[in-house]
Structures are given as structure tokens and as C-alpha cells.
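Dear colleague,

Please find the structure below, handed over for your records. My findings follow it.

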Amino acid sequence: MTITGAIVLYAVIWFMTLLTIFPIGYVSQEDAGEVEPGTPPGSPSGPMVKRKMLHATVITTLLWAVVCAIIMYSGLTMESIDWTRRWRE
């Protein structure tokens, strides 16, 4: 795995993790009973974005390490898992 591939893999896992974590603990302004004027009632009340980004970073680092270890030490390559090869021969 190249360094560029590792960085791209980390970024993809990080964004997927962040988008998975965002809805956890969601409370709308309407549910909290404090709707700010000029905002929709469904807007989040105290979204805790920094905290969720930190959690996403920690979870991603663990997942990334596992995925990198599998990729680097399994011996699998794109050629070894190319299922279309039998039709091209």
C-alpha cells in the first residue's frame, strides 16, 4: 500500500464514520423546547460537532489500522482477486 493509498483510505473511513456518528444523540430545537428565531424547528440543539469529530477520529484510527494490516499482510492483490480474468483469457 502506498502512502497516498493509506491517506485516501483514512479519509474515506473518517468521513463514513463521521456521517455515521452525526445522528447519534440528535435533539432538535423543537424537542429541546428552545427554537431560535429564524431557524427551522428541526435544526439541531447543541450538535457537539467537535466532540463527534474527535470520536470519529479515534474510531477511524482503530478501523484504519485493522484494514491496513489486513491489506498489507494478507497477500491479496488486485490481480489475485480479479474475477473477470477468466473471461478475458
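The buried residues of helix 1 are Ala6, Ile13, Trp14, Thr17, Leu18 and Ile21; buried means under 20% relative accessible area, exposed over 50%, and partly exposed in between (1.4 Å probe, protein chains only). These residues lie on the same side of helix 1, because they cover an arc of only 135 degrees around the axis, the arc being that of the directions from the helix axis to the C-beta atoms. Helices are DSSP runs (H or I, at least four residues), numbered from the N terminus.

This is a predicted model: local features need pLDDT of at least 70, side-chain atom pairs count only at pLDDT 80 or more, and totals for chains, interfaces and linings use all residues. Residues are numbered from 1 along each chain as its sequence is written, and side-chain values use heavy atoms, with hydrogens and water left out.

The buried residues of helix 1 pack against helix 3, where contact means heavy atoms within 4.5 Å. On the other side of helix 1, Thr4, Met16 and Leu19 are exposed. Leu19 has a relative accessible area of 60%, and therefore counts as exposed. The C-alpha atoms of Leu19 and Lys52 are separated by 9.7 Å, although these residues stand 33 residues apart along the chain.

Helix 3 comprises residues 49–73 and includes Met72. With a relative accessibility of 46%, Met72 is classed as partly exposed.

Yours sincerely

Methods: Helices (H or I, at least four residues) and strands (E, at least two) are DSSP runs, numbered from the N terminus.
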